[in-house]
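Please look over the sequence and the structure below before reading on.

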Amino acid sequence: LSAALGPEFAFAQSKVLDVLMPPSAVRKEALAMFEEKSGIRVRAAPYVSPTNNRGKLLSGARFDALVTLSDLVKPNLNEAVDRKLLLPFDAAKVPNIENLAPLFKPDLLVKDGKPYAVPIYWGFNPVLYNRKFIKDGDPLTDSYSLLLDDRYKGRVAIRDDAHESLHMVALCMGHKEPAAMDAKDLKEVTKFLISKKGNFRALWSKFAEAVQLMGSGEVHAMFGWLLMRTTLQRQGMDVVSNHPKEGLLWWVHAAFLPAAAERPNEGQQWVDFLISKEWGRKLTELSGVPSTSRLAKESFTPEQQKTYGYDTLDSGKPLVRLGAPAHMDLWLEAWSEF
């Protein structure tokens, strides 16, 4: 068909990339900037969650690039490479790898000297609360427990996601490393969560749904994302985020090249753009999400870096990496029970 329609049609067809990535990676501004710069149009598939993306990646996803939490893939990296599910990145085609902040170099997930992941941005999942209803003086604003306390029954929401929400509840129950919980610990966390089920106004699964819950005043606090905080603030709401005393859950989103990718070279070009100084700075300005690019961070003044959260990892406050449970299947079963 392409031959029949002429070379222009075939060229246009080759200039479309199919990707599966979270909202912050495929903002319309990024798509427009990249297309103008490269002539390549990026087509984003509907996003559900990091665990969903991990499942697709490890089952042979047919995308040109895919983003999920690097921690979720790391335990399966050797198997995925051996099963030929992943392609390595060519550093020559992703030159901005050299400009990654040193902290994120381990997220390249190197095997046999080749990187199989490229960290593109990072962040943390705090409690977002509306200061119209919940005042800063409330001691629970310093804790994830704000979402579990009976005082706010019916006015809070958490994410409909086993990985993130079980991490959060486990921290509240005193587990310093939730991903390392055994079956007994997980059972106790599940039991406690079920006992608090009536406290939750909703379990959100999509970005727009979460923003609507807060924007309408239906919920006063929720377990959320930095991009949600930025979006709500731009709507004129006095919504802030906290740094829970139990340990702030933080993560790194990394790009992968599925072996079934039809356009891996263009996919690497897209990933290189995502970690460029130009887009890294714009991403932070637009969404409040920090880039893994050292140059993007350094383009901000120290005060701006603090405002955007770049200083969070150096704050000295407790942090907990959103890690990969040894038995994700048990976590999914626990969430289904809840």
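## The chain as a whole

The model shown here is a predicted one. Its chain contains 15 helices and 14 strands. The radius of gyration is 20 Å, close to the 20 Å that the globule rule gives for 338 residues, so the chain is as compact as a globular protein of that length.

Of the 338 residues, 54% count as buried, and the chain exposes about 15,000 Å², of which carbon and sulfur atoms supply 51%. Among the contacts with a separation of 6 or more, 75% are accounted for by residues 24 or more positions apart.

## The enclosed cavity

Rolling a probe the size of a water molecule over the atoms shows where empty space is left. When the whole structure is searched, one cavity of 30 Å³ or more is found, and the volume of this largest cavity is about 180 Å³. The lining is made up of 19 residues, and those closest to the centre of the cavity are Tyr121, Asn125, Trp225, Trp251 and His253.

Which elements each supply at least two residues of this lining? They are β7 (118-125), α10 (226-234) and β13 (248-258), and the largest share, four residues, comes from β7. By residue class, the lining of the largest cavity divides into 13 nonpolar, four polar and two charged residues.

The largest pocket holds about 590 Å³ of space. It is lined by 32 residues, and Val48, Ser49, Thr51, Arg159 and Asp161 are the ones that lie nearest its centre. At least two lining residues come from each of α4 (50-57), α7 (162-172) and α15 (328-337), with α15 giving the most, four residues. The lining of the largest pocket comprises 20 nonpolar, six polar and six charged residues.

The second largest pocket contains about 320 Å³ of space. Its lining consists of 17 residues, of which Phe124, His243, Lys306, Asp311 and Thr312 lie nearest the centre. The elements that give two or more residues to this lining are α10, β12 (239-241) and α14 (302-308). Here the division is into five nonpolar, eight polar and four charged residues.

## Helix α10 and what follows it

The helix α10 supplies at least two residues to the lining of the largest cavity, and it also gives two or more to the lining of the second largest pocket. Within α10, the residues Leu226, Leu227, Met228, Arg229, Thr230 and Leu232 are buried. Just after this helix comes Gly236, which takes a positive phi of about 90°.

Pro22 has its place in the loop between β1 (16-20) and α3 (28-38).

If its neighbours within four places in sequence are left aside, Pro22 is in contact with Tyr47, Val67, Tyr121 and His253. Two of these partners, Tyr121 and His253, are also among the residues closest to the centre of the largest cavity. Pro22 and Gln235 are 213 residues apart in sequence, and their C-alpha atoms are 22 Å apart in space.

Most residues other than glycine have a negative phi. Lys84, however, has a phi near 60°, a positive value in a residue other than glycine. Lys84 is located in the loop between α6 (77-82) and β4 (86-87), and its relative accessible area of 64% is over the 50% cut-off, so Lys84 is exposed.

Asp112 likewise has a positive phi, of about 55°, although it is not a glycine. The loop between β5 (110-111) and β6 (114-115) is where Asp112 is found. Its relative accessible area is 68%, which again lies over 50%, and therefore Asp112 is exposed.

Definitions and conventions: Residues are numbered from 1 along each chain as its sequence is written. This is a predicted model: local features need pLDDT of at least 70, side-chain atom pairs count only at pLDDT 80 or more; totals for chains, interfaces and linings use all residues. Side-chain values use heavy atoms; hydrogens and water are left out. On a 1 Å grid over the protein atoms alone, a cavity is a set of points where a 1.4 Å probe fits but cannot get out, and a pocket is an open set with protein on both sides within 12 Å along at least five of seven lines; lining residues have an atom within 4 Å of a point. Grid points are joined across faces, edges and corners, and a volume is the space filled by probe spheres set on the points. Ala, Val, Leu, Ile, Met, Phe, Trp, Tyr, Cys and Pro count as nonpolar, Asp, Glu, Lys and Arg as charged, and the others, Gly among them, as polar. The radius of gyration is taken over C-alpha atoms; the globule rule is 2.2 Å times the number of residues to the power 0.38. Buried means under 20% relative accessible area, exposed over 50%, partly exposed in between (1.4 Å probe, protein chains only). Contact means heavy atoms within 4.5 Å. Accessible areas come from the Shrake-Rupley method with a 1.4 Å probe; for residues, only the protein chains shown count as cover.
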